[in-house]
Structure formats: structure tokens, C-alpha cells
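Trainee: I would like a close look at one part of this model, with the rest of the chain as background. Please keep it plain.

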Amino acid sequence: MLSLDSLGTDTAGTTDSDWRQLTAADVMTRDVRTVPLDWSVDRLSRFLTDNAISGAPVVDEAGRLTGVVTLTDIVRQTGSGLLDLAQRDDSFYQGLLDRELSDEEQRAFHEAVDDGVLISDIMTPVVYSVAPETPMTEMVDAMVRGHIHRVLVTQNRQVIGIVTVLDLLRIITRN
């Protein structure tokens with residue numbers, strides 16, 4: 001289990017007691033990219049890829065947090081029957097190999113999301129959110145115990161920040 005006690009002093013002279021003073025507001029990323037409930041999963045996939053992120057908070061029309069959706073949620077649907085095989089341009093796959101692919105091999109690469117599947121169908125409605133003043137130690141403990149990769153920072157159900165595992169690693173490794 002990750003313990004802030006084990007962090008010691010980093011090269012910039014930050015001690016354990018300094019770590020314990022950090023809050024969600026101190027470590028959160030403020031530029032949070034949210035997605036609406038009614039986007040198709042295909043559109044979500046492009047959004048996550050274009051923004052180089054693995055998940056996003058889901059908000060309703062008023063901007064209130066309603067859930068979170070991740071690449072894992074998309075992958076989980078692969079075996080549910082919500083994804084169908086579809087045709088795509090094979091030139092991308094051909095360029096990956098030194099040989100020609102058979103038709104059967106090319107079909108194995110094809111997975112397209114049914115446009116009828118929406119974010120609201122696959123999202124996780126249970127979200128761990130915290131107030132800006134929540135101590136980092138409390139967030140880290142919950143993330144470790146719950147195998148959570150991101151914590152949303154909210155005020156009045158509005159997303160104002162996000163703390164991810166990468167944010168925490170940046171803090172630990174900063175000079």
C-alpha cells in the first residue's frame with residue numbers, strides 16, 4: 001500500500017510533513033475535459049484518443065457530474081454484443097506488416113462501435129469525488145483501497161478539477 005510516510009525527502013527538500021499538507025486543490029488538474037451523456041461511444045473513443053486521455057467525467061446538460069467513462073468501459077462492452085464488426089480502410093493495417101494480410105486476417109482488426117451505444121449506456125455512475133480541501137493523504141488512501149485511477153474534485157456537483165494517478169506520481173517525482 002502506498003504510504004506518504006515512505007516518501008521521505010525529495011531533492012527539492014520537501015519533507016513528509018509537507019506532503020501531508022497538500023489538498024485536492026493543490027494537486028488537481030484544473031483543465032478537465034468532460035463529456036455529455038448523449039455522445040456515441042465511437043465519438044467518445046475519438047475524443048479520448050485525440051486528447052490522449054484514458055477517461056473523462058460525464059456531465060448532464062447543466063454541467064452536473066453524473067458519472068465517469070474510461071477506455072476500460074469501452075473495452076468491457078466488446079464482449080457484451082454492443083460492438084459489431086464493420087468495414088474500415090485496410091491500408092492502415094497493411095502498413096504495419098511486411099506481408100499481405102488475408103481477408104480473414106484483415107477482418108480480425110475490424111471492430112467498430114454501434115452508433116446506438118451511448119456514453120450513458122457504458123459509463124460508471126458511481127464516482128469518487130472530493131471537495132477541494134480534501135487532504136491528499138485521504139485521496140491516496142481511497143485510490144489505493146478502491147483501485148481508483150482518478151478522483152474528481154467538485155463543488156455543488158460541478159467538476160472543478162481532477163486528480164489522477166499521474167498527478168500524484170508527478171508530485172512524488174518532482175525536483
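Of the contacts in the protein chain with a separation of 6 or more, what percentage do residues 24 or more positions apart account for? After that, please take helix α8 as the part to look at: which of its residues are buried, and where do they lie around the axis?

Mentor: Residues 24 or more positions apart account for 58% of those contacts, a contact being heavy atoms within 4.5 Å. The model is predicted, so local features need pLDDT of at least 70 and side-chain atom pairs count only at pLDDT 80 or more, while totals for chains, interfaces and linings use all residues. Residues are numbered from 1 along each chain as its sequence is written, and side-chain values use heavy atoms, with hydrogens and water left out.

The protein chain has 9 helices and 8 strands, which are DSSP runs numbered from the N terminus (helices H or I of at least four residues, strands E of at least two). Of its 175 residues, 37% count as buried, meaning under 20% relative accessible area with a 1.4 Å probe and protein chains only; exposed is over 50%, and partly exposed is in between.

Now to helix α8, which spans residues 136-146. Its buried residues include Met 136, Met 139, Val 140, Ala 142 and Met 143. These residues lie on the same side of α8, because they cover an arc of only 165° around the axis; the arc is that of the directions from the helix axis to the C-beta atoms. An α-helix has 3.6 residues a turn, so residues three or four places apart point the same way. Just after α8, His 147 takes a positive phi of about 55°.

Leaving aside neighbours within four places in sequence, Met 139 is in contact with Thr 23, Ala 24, Val 27, Val 130, Thr 134, Val 151 and Val 163.

Strand β7 (residues 150-155) also belongs to an open sheet of 3 strands in the order β6-β7-β8, with mixed pairing. Its edge strands are β6 (129-130) and β8 (158-164), each of which pairs on one side only. β6 and β7 pair in the parallel sense over 2 bridges, where pairing requires at least two DSSP bridges. Ser 129 has Leu 152 in β7 as its bridge partner. Thr 154 is found in β7 and is buried, with a relative accessible area of 13%.

Strand β2 (residues 55-59) is mostly covered, with 5 of its 5 residues buried. β2 pairs in the parallel sense with strand β1 (residues 35-36) over 2 bridges, and the bridge partner of Val 35 is Val 58. To strand β3 (residues 65-70), β2 is joined by 5 bridges, and these two strands run antiparallel. Val 59 has Leu 65 in β3 as its bridge partner.

The hairpin of β2 and β3 has 5 residues between the strands, and there Gly 63 takes a positive phi near 85°. Asp 60 is found in this loop and counts as buried at 13% relative accessibility. The side chain of Asp 60 reaches the backbone nitrogen of Arg 64 at 2.9 Å. Asp 60 also touches Leu 37 and Thr 66, not counting residues up to four places away in sequence.

Technical notes
Polar contact = N/O pair within 3.5 Å; in protein donor to acceptor, adjacent residues only side chain to side chain.
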